[in-house]
Amino acid sequence: MSRLKSWKEVPMAAVIEDAGNAETYETGGWRTFKPVLDKEKCIHCLTCWISCPDTAIVVKDEKMIGFNFKHCKGCGVCADVCPKKVTAITMEQEGK
Amino acid sequence: MGQQVAMTGNIAVANAMRQINPDVCAAYPITPSTEIMQQFSNFVADGDVKTVLVPAESEHSAMSACIGAAAAGGRVMTATSSQGMALMWEMLYIAAGNRLPIVLAMSNRALSAPLNIHGDTSDAMGARDSGWIQFFSENAQEAYDNLIQAIRIAEHMDVRLPAMVGMDGFIISHSIESMTLLDDQAVQDFIGDCITHMPLLDVDNPKTFGPLDLQDYYIEHKRQEYEAMKNAKGVIVEVAKEFTELSGREYGLFEAYALDDAEIAIVALNSAAGTIKTVIDELRSTGVRAGLLKPRVFRPFPAEEIAEALSHVKAVCVMDRADGVNGTGGPLFPEFRSALYDAPKRPLIINRIFGLGGRDLGLHHVRDVYGELQKIAGTGKIETLAGYITVRN
């Protein structure tokens with residue numbers, strides 16, 4: 001972690017001057033459960049991508065390729081919306 | 001320069017707002033400040049100002065709109081009193097914490113219950129810890145002058161804090177007095193263009209106001225606010241000097257009236273000072289060395305300057321037109337007493353709460369206070385530390 005700034009260095013009124021910096025704030029540590037992807041089963045319907053309340057589904061060339069664990073909080077929405085006939089995403093307890 | 005006019009305090013303040021020509025005014029009417037926005041809305045309707053007037057559905061909303069407009073980068077003003085100020089309470093802290101230089105005209109009025117619409121400073125005292133600069137005005141002229149100066153002080157880059165300018169409800173807000181208006185252009189030249197800092201409407205540089213600020217940074221931002229309020233003291237004096245050049249009227253952190261050689265003195269805000277000065281003139285003609293310290297600002301609290309001005313006095317009465325209901329005196333009392341704690345020589349100090357809900361402060365009440373101070377100065381003994389006057393016993 002970078003050095004915390006003194007009161008003389010921080011921006012006035014806690015204004016955030018760099019837009020979109022939530023991306024650099026890592027919240028993955030909040031997770032109790034983590035999603036696990038079975039690449040063999042995934043049909044790349046991207047329902048998980050559109051349903052993720054964060055930006056934790058990583059898509060490349062219109063294919064679901066995995067999770068951004070720096071931001072995934074383990075809510076399980078992706079596993080829930082994954083079509084029942086597919087069940088490519090399942091939830092596992094963290095640290096197992 | 002200027003024009004002599006007869007105006008109520010409210011109309012004088014509305015004229016200051018007309019001359020300031022703020023970008024946005026969001027307000028909700030409440031007695032006794034209603035007339036300020038009523039008159040100002042006439043100026044808006046007549047095209048005398050370019051202000052966007054936002055009639056809000058409550059004072060909480062009015063202050064919220066002011067915060068948004070100020071964050072956007074506008075010069076923003078509003079007016080309120082009493083319950084309106086109380087309803088703004090949550091947003092007052094947000095205006096100050098977000099370092100938004102909003103200027104609020106305040107016709108000071110008692111707080112319910114019991115319901116009362118008349119002048120005391122209970123409303124302002126409820127906001128004393130909110131991070132706002134607080135001015136108090138003896139008469140319409142001072143309210144007008146303070147409001148104009150407040151724009152410069154609030155927007156100063158070393159300060160960036162909101163400011164409220166008080167005057168006694170009805171006693172000043174609704175009484176017609178002779179006073180001088182500055183020329184419109186002179187006011188514009190004095191205040192200059194609005195000094196913005198990180199305005200939201202600078203859309204090429206998007207930013208976020210009011211984010212979550214937890215254990216790792218909240219205290220750093222409060223420390224900045226503390227520094228800003230300390231800086232305000234110097235800026236207030238600096239702006240006052242410039243204002244004197246413009247108007248010929250002198251201002252500082254407080255007014256010391258016959259205080260230099262005083263043996264006994266009163267501390268009082270707002271219009272009571274006028275009554276007290278009359279009694280001082282009377283006492284001085286009989287050889288009694290009575291004086292007055294009339295704070296112009298309560299926030300920032302100029303403790304060192306107060307200690308210097310009062311330490312030679314033998315006995316002081318701090319008069320509060322509000323009661324903090326702590327059972328040991330009004331809100332000015334502990335701060336003035338504390339300011340003198342470190343002085344090598346300090347006066348005996350008492351507190352008298354007076355005039356709540358607009359109860360008249362007569363010359364005889366002030367004479368009685370000075371009489372008691374003379375007794376205390378003579379004997380070195382205080383019989384009643386804090387108590388009420390102007391009340392039926």
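Me: What makes the charged end of B:Arg223 count as sitting over the ring of A:Trp7?
Reply: A charge sits over a ring if NZ of Lys or CZ of Arg is within 6 Å of the ring centre and within 35 degrees of the ring normal. The charged end of B:Arg223 is 3.9 Å from the centre of the A:Trp7 ring and sits over it. Likewise, the charged end of B:Arg346 sits over the ring of B:Tyr341, 5.3 Å from its centre. The model is predicted: local features need pLDDT of at least 70, side-chain atom pairs count only at pLDDT 80 or more, and totals for chains, interfaces and linings use all residues. Side-chain values use heavy atoms, without hydrogens and water, residues are numbered from 1 along each chain as its sequence is written, and chains are lettered from A and ligands numbered from 1 in the order in which they are written.

Me: Why is the pair of B:Phe190 and B:Phe243 called edge-to-face?
Reply: Rings of Phe, Tyr and Trp (its six-membered ring) pair if their centres lie within 6.5 Å; planes under 30 degrees apart count as stacked, over 60 as edge-to-face and the rest as tilted. Here the centres are 5.5 Å apart and the planes stand at 75°, so the pair is edge-to-face. Ring pairs also link B:Phe190, B:Phe243 and B:Tyr251 into a cluster.

Me: How do you know whether B:Phe190 is buried or exposed?
Reply: Buried means under 20% relative accessible area, exposed over 50%, and partly exposed in between (1.4 Å probe, protein chains only). B:Phe190 has 8% relative accessibility and therefore counts as buried. B:Phe243, at 0%, is buried as well.
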